[in-house]
4 protein chains.
Amino acid sequence: MTLESYRREVSSAKRADIVRAAADQFLKHGYQRAAVADIARVADVSTATLYKHFGSKEELFAATVEEVQNAVDDEFAQQPPGATLAEMLHNAARTYLSLQFDRNLNGLMRIVIAESGRHPKLGRRMYLSFVNRRRDGATAAFDKMVAAGWLKPHDTHLSATFMGGMMKEFFVWPALFDPTFTIPEDADAKIDEIIAVFLARYGAGHP
Amino acid sequence: MTLESYRREVSSAKRADIVRAAADQFLKHGYQRAAVADIARVADVSTATLYKHFGSKEELFAATVEEVQNAVDDEFAQQPPGATLAEMLHNAARTYLSLQFDRNLNGLMRIVIAESGRHPKLGRRMYLSFVNRRRDGATAAFDKMVAAGWLKPHDTHLSATFMGGMMKEFFVWPALFDPTFTIPEDADAKIDEIIAVFLARYGAGHP
Amino acid sequence: MTLESYRREVSSAKRADIVRAAADQFLKHGYQRAAVADIARVADVSTATLYKHFGSKEELFAATVEEVQNAVDDEFAQQPPGATLAEMLHNAARTYLSLQFDRNLNGLMRIVIAESGRHPKLGRRMYLSFVNRRRDGATAAFDKMVAAGWLKPHDTHLSATFMGGMMKEFFVWPALFDPTFTIPEDADAKIDEIIAVFLARYGAGHP
Amino acid sequence: MTLESYRREVSSAKRADIVRAAADQFLKHGYQRAAVADIARVADVSTATLYKHFGSKEELFAATVEEVQNAVDDEFAQQPPGATLAEMLHNAARTYLSLQFDRNLNGLMRIVIAESGRHPKLGRRMYLSFVNRRRDGATAAFDKMVAAGWLKPHDTHLSATFMGGMMKEFFVWPALFDPTFTIPEDADAKIDEIIAVFLARYGAGHP
DNA sequence: CATGAATGAGTATTCATTCAT
DNA sequence: AATGAATGAATACTCATTCAT
């Protein structure tokens, strides 16, 4: 038992090392040019061991993406609350930005988009996770705000779509085409602009 | 003279064949996995001839993208007019969709996004062409509508950004992650939804 | 331990095979026309394995040259002694010939000369090894002969240069331009001629 | 007649252009890497025209070498005379140097040596022309000096071989292995050294 | 269970030579 | 006679995956 559990522990530690190394290399070089041998070297593991854990490069890639997805989902769920309505919205937007840039979700998206021809399932899953699930989260949040009387009653799914489109237009599209793109200096101003537009239409008039 | 012009004609015909074949293969397999030899074979040309026309795979790719860009720019400029304001907006949105799907701009974007790490200039150029230039076009159109009294005076650049974000959220993002994604059945309904939202905020009240 | 040492042994055996095959092919076809794939085939090894051992064709070439250099240096150091002065000189000259022809140093020089435009470091290193180092060896030997009273006191570096020039003029130059050139029948006579000239000028008069 | 002769003239002018361009490219890039297309371009001629004049790259190369040989032979025959014996010898040595370096004979030799495996005839011819013929010239000159009483009667063929070996040892061997090698600053001193050695053995004692 | 050496199939690019005009 | 576009064969190098130890 003890031996077995020790082995399992070591094994899962190696697995985590591999996934970390894979994320590192995939983000640095893209799927195609990231060499399995390099990933193994960075993870300090032999290629054979890597293949024991993941049957193929594709599988390793899928696992890597999933890992990031889970981490991102967790982080997104733990948003700091805000005192006022505008503050809450601002905080949510900031969390979004931090995920996209600090956790390099923009980079990951670029790779998944690149490979979505060859990995259709992966692409669809990522879309669900990174676009739909978040929109659903926003919809639910907006519903609460409506119930609380902070927002006018309205089609919250539509307004969530709005918000998502606006945020992406400002902060994600440029990053997809330019990997050196970082959070712009006037990000807060832009976020406030977006929120102003949103509140002008859907706000209940309270501050 | 005749000889020279004959040669130029044949040569430019071959060039066009090559670009067509390149677009085909790049869209099918992505930049990395599209083999130069295959492109040459599809174009019914030897690889050496291909390399006479385009010094490298990168150059060929850039030429392919540029070709599509020019075609798209031309087509976008020739939009059908509309009788009413809503019709005009609807037509513009439809033109946008036709470009993205019928000319496979979504696919091209996917490839450029995939390669923008390795081809930063290409990525930036495409962003300017496909995102900024179109937004500027929309901004100018909205300005005219304001001048005509069809829209309220407002920040047209912002509203154009809005429209772009909304359209992409519905019609481009899903396509980036799923190459089989086609124009949805309810596209017109979605477009109308977007326009309704837009007019509710910026319309001058006329039909 | 055993596994590791086993691997090392196998690996170094393959390395040696590759170098042998490379020497063979380079000598047969020259650097440019020797195909890496052919070298691998002759060594009974895949090209990938070859590239594991040597990062590039250039590196393989440098290693091949170095290998021969080391072997030649060793062999040159173990010259048979001679009873008389003339015999000693004759033996030295014969060792020189044996290296140039039996170990195909003439052929190797031809290739390095051919590539010295593209591999300047290799060319310079080989010149130092195959021309300067040997001349220094001869200079030292002559100094001893002077000290022993067998040769007149004189500028031994100059006389060594002499000897080197004479030997090359007879035995190396023809080989550079004609790969089929072998040790001529009258080599001993020519060597004796050279020694006679040398002794007539620098000999102390003893037999 | 006139038309025909005109054509012949133009044709031979083009031939000369091609040979010039070929010499240029071969010296710059070596035989293998000199591209026929580049030679044609430099000569301002189509490749087809080039192939009309020379059936193959090899043929062109042979013609190029021959051309240089002829030019060198001519130049070597027109040596400036000298007042004293030492001066005559010095002048001859200087002519030798000028050919080797200024006309880039060292570079040409390097290429011929490189290709002598594939072009045995060319190699042998060049050896005859550049080594034997010159040695015969020197032998004849030395014979005259003996007849004039300036040199002791001796085996002039042998002494000519001596001189050739010495000169090459100092000025040609380094250049073969290092293309950037130029005439050294102390060339005159080295030449005088060689001549001193020569005269010490073969001089008749007159200044 | 872990290793890392070995592999074979693949890829972009070059170049001497030919041929329709 | 002259052109230059077209070719096919060749070449160095890479990488996901396996297997003997």
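Predicted model: local features only at pLDDT ≥ 70, side-chain atom pairs only at ≥ 80, totals over all residues.
1. Several chains take part here. From chain A, helix H2 (36–43) and helix H3 (47–53) each supply at least two residues of the surface near DNA strand F. Chain B does likewise with helix H1 (2–33) and helix H3 (47–53).

2. Now turn to chains C and D. To superpose chain D on chain C, you need a rotation of 178° with 0.1 Å of shift along its axis, and the RMSD is 0.4 Å. The two copies are thus related as by a two-fold rotation axis.

3. How many residues does each chain bring to the contact? Chain D gives 30 residues and chain C gives 31 residues. On the side of chain D that touches chain C, at least two residues come from each of helix H1 (2–33), helix H6 (105–115), helix H7 (120–147), helix H8 (156–177) and helix H9 (187–202). H8(D) gives the most, with 12 residues. This side of chain D divides into 15 nonpolar, eight polar and seven charged residues.

4. One last point about this pair: 100% of the interface residues of chain D are also interface residues in chain C, so the copies meet through the same surface.

Methods. Residues numbered from 1 in each chain as written. Chains lettered and ligands numbered in written order. Least-squares fit on C-alpha atoms with pLDDT ≥ 70 in both. Contact = placed C-beta atoms within 7 Å. Helix = DSSP H or I, 4+ residues; strand = E, 2+ residues; numbered from the N terminus. Nonpolar A, V, L, I, M, F, W, Y, C, P; charged D, E, K, R; others polar.
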